[in-house]
Amino acid sequence: AQPNISSSKIEQMQITLPPLQEQQEIVAKIEELFSELEKGKEELLTAQAKLKTYRQSLLKSAFEGRLTNENLKDDELPKGWEVRKLGEVAKNKSKKVIPADYPDAKFIGMDCIEPHTLKPKFTYKFGEFKSTGNYFERGQVLYGRMRPYLNKVYKTEYEGACSGEFIVLQCAENFYPNLLSYILHSNDFVSYANHKTNGDRPRISYEEISDYPIALAPLPEQQKIVAILESKLTICDQLEETINASLKQVETLRQGILKKAFEGKLINKKNVR
């Protein structure tokens, strides 16, 4: 459970030891290359942070009506929009079911959705479980009520069952479920939900989130907003993947530098094949 190594085993490890002057040259080269890698890593992390800020700015513009309405004044809602409470346009449809009733159904646990994502990374088979779950239909929205700061949201694409830690939301006819998933995913909602909870294992209830105010556009405009968001956020996702791959490559290069250094290939070019 707590792996460790004794000092005696470390002392017995064999190392290739070059002359002292060459050791110093190797260290100088390592530090030079590591410094370059760190600069590159800092630039990647800065780009990643800017990307997250852009995501939230995009969502904020969408929910304020600025994404589909140009020249909108501050604190002004577009024509046809109205402020509604979440509970007025999305109802809690949690329904307990047992695995025997839906043995082949996909099951979504809290661990299936990574923090701050809008889709399960994997699913289980409901028949593998013994305890009950919450039934959901295609087109409903799952919201992880435990530790709301983890921001686990999913607009369902199939029928199945999920953990009781999810609130199952059914949108009214005039409320596009895809838009609800983005609203629940926004920093403003996460902040709202966090302020409603406390303790080591904070949970939020449907009643607590039902008072959250939503600026609701006409349904066709909601669908247009979602189409724009999906297009722009897809590009963000692709950039995020590129950045993450580059960050992993930084660590690979770091280990590669160390490996060459200890094999005598970092400054002794004649040894490089």
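Which residue in β6 is the bridge partner of K96?

Guide: The bridge partner of K96 in β6 is N134. The model is a predicted one, and the description that follows should be read accordingly. The K96 bridge brings together two strands: β3, which covers residues 96-97, and β6, which covers residues 133-136, are antiparallel and are joined by two bridges.

Strand β6 also pairs with β9, residues 160-162; this pairing is antiparallel too and comprises three bridges. Within β9, the residue that stands opposite Y135 is A161. Elsewhere, R254 is placed over the face of F34, with 5.1 Å to the ring centre.

From charges over rings, the account may turn to pairs of rings. A pair of aromatic rings is described by the distance between the centres and the angle between the planes. Across the whole structure, a search finds 11 aromatic pairs. One of them is formed by F107 and F129, a tilted pair with 4.5 Å from centre to centre and 35° between the planes. Because F107 belongs to strand β4 (residues 106-108) and F129 to the loop between β5 (124-125) and β6, the pair ties together parts 22 residues apart in sequence. F107 is buried, at a relative accessible area of 7%, whereas F129, at 28%, is partly exposed. Both rings belong to a cluster linked by ring pairs, which consists of F107, F122, Y124, F126 and F129.

A second pair consists of Y143 and F189: the centres of these rings are 5.5 Å apart and the planes meet at 80°, so the pair is edge-to-face. Y143 is located in strand β7 (residues 141-144) and F189 in helix α5, so that distant parts of the chain, 46 residues apart, are linked by this pair. Y143 and F189 are both buried.

R201 is found in the loop between α5 (187-195) and α6 (206-209). With a relative accessibility of 48%, R201 counts as partly exposed. Apart from neighbours within four places in sequence, R201 is in contact with M146 and R147. R147 and R201 are 54 residues apart in sequence, while their C-alpha atoms are 6.4 Å apart in space.

Definitions and conventions: Residues numbered from 1 in each chain as written. Predicted model: local features only at pLDDT ≥ 70, side-chain atom pairs only at ≥ 80, totals over all residues. Heavy atoms only, no water. Helix = DSSP H or I, 4+ residues; strand = E, 2+ residues; numbered from the N terminus. Buried < 20%, exposed > 50% of the residue type's maximum accessible area, 1.4 Å probe, protein only. Contact = heavy atoms within 4.5 Å. Pairing = 2+ DSSP bridges. Phe/Tyr/Trp six-rings, centres within 6.5 Å; stacked < 30°, edge-to-face > 60°. Lys NZ or Arg CZ within 6 Å of the ring centre and 35° of its normal.
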